[in-house]
Amino acid sequence: PGALKYLLEEHLKLAKKENADLKWLQYWAAVSPVEAIDLFQPEYESHPMVLQYAMRSLEQHPVELTFFYVPQVVQALRTDAYGYVEHFIFETSKISQLFCHQIIWNMKANSYRDDNAEEEDPMKPTLDRMVDNIVNALSGEAQDFYEREFGFFNEVTSISGKLKPFIKKSKPEKKAKIDEEMAKIKVDPGVYLPSNADGVVVDLDRKSGRPLQSHAKAPFMATFK
């Protein structure tokens, strides 16, 4: 894999003059996930052989490794001329429920360019369609797990929205509102925090919530067990 750059440098120069012979990519050893994702950059001009090699490299690695490159995989959709990345995301989401959840969260986070979710990213229509396709393909235990996890996490994050009317109130008033909302949250079995997929949330400290400083938003901190 370390020699890939030499093959591509030489042949991509030729590709601009004549038809470069990249047949050797069919047999080339797989590069790491982050190097494979880099092959979707514009400098490689969406060369079909290069893209096929990149996808084969990604698919050869365990999903537990690719899991760490979810943000880069989503960004690769910007130059996904032939739909290879989209296909990879959809198929990998069927294999790993944790990958499925992380990719959905990341796609939702990339749908807007601003913090107030008013300026849409050019990728948003693609991301919306993909989220719908991934969610619609879920069934049985995978669907139940998705609904439990996203329902739980939405309950937690929605507290910020309920705090917004209290932005100019005192800290004790904000704290009382957080405690009130935290008391309502039901912790379903098996749910986890997106930032720590290795740990299962068994409960939350209902009195741990405290408001954080922000003029525009209403962030808060809470402790989970």
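Student: Does Glu 45 count as buried or exposed?
Tutor: This is a predicted model, in which local features need pLDDT of at least 70, side-chain atom pairs count only at pLDDT 80 or more, and totals for chains, interfaces and linings use all residues. Residues are numbered from 1 along each chain as its sequence is written, and side-chain values use heavy atoms, with hydrogens and water left out. Buried means under 20% relative accessible area, exposed over 50%, and partly exposed in between, with a 1.4 Å probe and protein chains only. Because the relative accessibility of Glu 45 is 52%, the residue counts as exposed.

Student: Where in the chain does Glu 45 lie?
Tutor: Helices (H or I, at least four residues) and strands (E, at least two) are DSSP runs, numbered from the N terminus. Glu 45 is not a glycine, although its phi is positive at about 55 degrees. Its place is the loop between helix 2 (33-38) and helix 3 (48-60).

Student: What is the phi of Ser 46?
Tutor: Ser 46 also belongs to the loop between helix 2 and helix 3. Its phi is positive in a residue other than glycine, with a value near 50 degrees.

Student: Which residues does His 47 touch, not counting residues up to four places away in sequence?
Tutor: His 47 lies in the loop between helix 2 and helix 3. At a relative accessible area of 17%, His 47 is buried. With contact meaning heavy atoms within 4.5 Å, and without residues up to four places away in sequence, His 47 touches Leu 12 and Leu 22.

Student: How many aromatic pairs does a search of the whole structure find?
Tutor: Rings of Phe, Tyr and Trp (its six-membered ring) pair if their centres lie within 6.5 Å; planes under 30 degrees apart count as stacked, over 60 as edge-to-face and the rest as tilted. Under this rule, the number of aromatic pairs found in the whole structure is nine.

Student: How many residues apart in sequence are the parts that Trp 105 and Phe 150 tie together?
Tutor: Trp 105 and Phe 150 form a stacked pair, with 4.6 Å centre to centre and 15 degrees between the planes. Both Trp 105 and Phe 150 are buried. Trp 105 lies in helix 7 (residues 97-109) and Phe 150 in helix 9 (residues 140-163), so the pair ties together parts whose separation in sequence is 45 residues.

Student: Does Phe 224 count as buried or partly exposed?
Tutor: Phe 152 and Phe 224 form an edge-to-face pair, 6.3 Å centre to centre with 80 degrees between the planes. The pair links distant parts of the chain, 72 residues apart: Phe 152 in helix 9 and Phe 224 in the segment after strand 2 (220-221). Phe 152 is buried, at 1% relative accessibility. Because Phe 224 has 23% relative accessibility, this residue counts as partly exposed.

Student: What radius of gyration does the chain have?
Tutor: The radius of gyration is taken over C-alpha atoms, and the globule rule is 2.2 Å times the number of residues to the power 0.38. The C-alpha atoms fill a box of roughly 70 × 35 × 30 Å along the principal axes. For a compact globule of 225 residues the radius would be near 17 Å, whereas for the chain the value is 22 Å.

Student: What percentage of the residues of the chain count as buried?
Tutor: The secondary structure comprises 10 helices and two strands. Among the 225 residues of the chain, the buried share is 37%.
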